[in-house]
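Hi everyone, thanks for coming.

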Amino acid sequence: MATVIRLTRMGRKKKPFYRIVVTDSRKRRDGGWIESIGVYNPLAQPVYVKVNEERLAYWKGVGAKMSERVEKLTAK
C-alpha cells in the first residue's frame, strides 16, 4: 500500500481548517485516513500549525511520501 501524508479539509463553508493525515494514496482528499498526526488552521492569526513530530518521523521512516504543502508546513 502506498501511503501519503497530506491535508484533509475540515470545518464549514468559507471557514476551513485542515488535518494532517496519513492515508492511502488512492483515496480521495477527504476519504478515510489511517492516522491523524496534526492540524493546520490558515485563518488563525498567526497561522496555526501543530504536528506530532514523532509520528511524522515514524511514517517517513516506513516510506510514506509527503505532499508538497505538508513539506512546506513542516519545514518551518
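This is a predicted model: local features need pLDDT of at least 70, side-chain atom pairs count only at pLDDT 80 or more; totals for chains, interfaces and linings use all residues.

Residues are numbered from 1 along each chain as its sequence is written, and side-chain values use heavy atoms, with hydrogens and water left out.

So, what is the order of the elements from the N terminus on? It's β-β-β-β-α-β-α, which gives two helices and five strands in the protein chain. Helices (H or I, at least four residues) and strands (E, at least two) are DSSP runs, numbered from the N terminus. The radius of gyration is 12 Å, close to the 11 Å that the globule rule gives for 76 residues, so the chain is as compact as a globular protein of that length. For that, the radius is taken over C-alpha atoms, and the rule is 2.2 Å times the number of residues to the power 0.38. Along the principal axes, the C-alpha atoms fill a box of roughly 35 × 25 × 20 Å.

Now the inside. Buried residues make up 32% of the 76 residues; buried means under 20% relative accessible area, exposed over 50%, and partly exposed in between, using a 1.4 Å probe and protein chains only. The largest nonpolar core has 14 residues, and I5, L7, I20, I37, L56, W59 and V70 touch the most other members. Strand 1, strand 2 (15-24), strand 3 (35-41), helix 1 (53-61) and helix 2 (68-74) each supply at least two residues of this core, and the largest share, three residues, comes from strand 2. A nonpolar core here is a set of buried Ala, Val, Leu, Ile, Met, Phe, Trp, Tyr and Cys residues joined through side-chain atoms within 4.5 Å.

Next, pairing: two strands pair if DSSP finds at least two bridges between them. Strands 2 and 3 run antiparallel, joined by five bridges, and V22 has E35 as its partner in strand 3. Strand 3 also pairs with strand 4 (residues 48-51), again antiparallel, over four bridges. There, N41 stands opposite Y48, and the two strands form a hairpin with six residues between them.

Let's zoom in on strand 1. Is T3 buried or exposed? With 13% relative accessibility, T3 counts as buried. T3 sits in strand 1 (residues 3-12), and beyond four places in sequence it touches V22, T23, I34, G63, A64 and K65. By contact I mean heavy atoms within 4.5 Å.

V4 is in strand 1 too, and V4 counts as buried because its relative accessibility is 14%. V4 and G63 are 59 residues apart in sequence, yet 8.7 Å apart in space, C-alpha to C-alpha.

Finally, M66 lies in strand 5 (residues 65-66). M66 and T3 are 63 residues apart in sequence and 8.9 Å apart in space, C-alpha to C-alpha. Leaving aside neighbours within four places, M66 contacts I5, L56, K60, E71 and T74. Two of those names, I5 and L56, came up in the core list as well.
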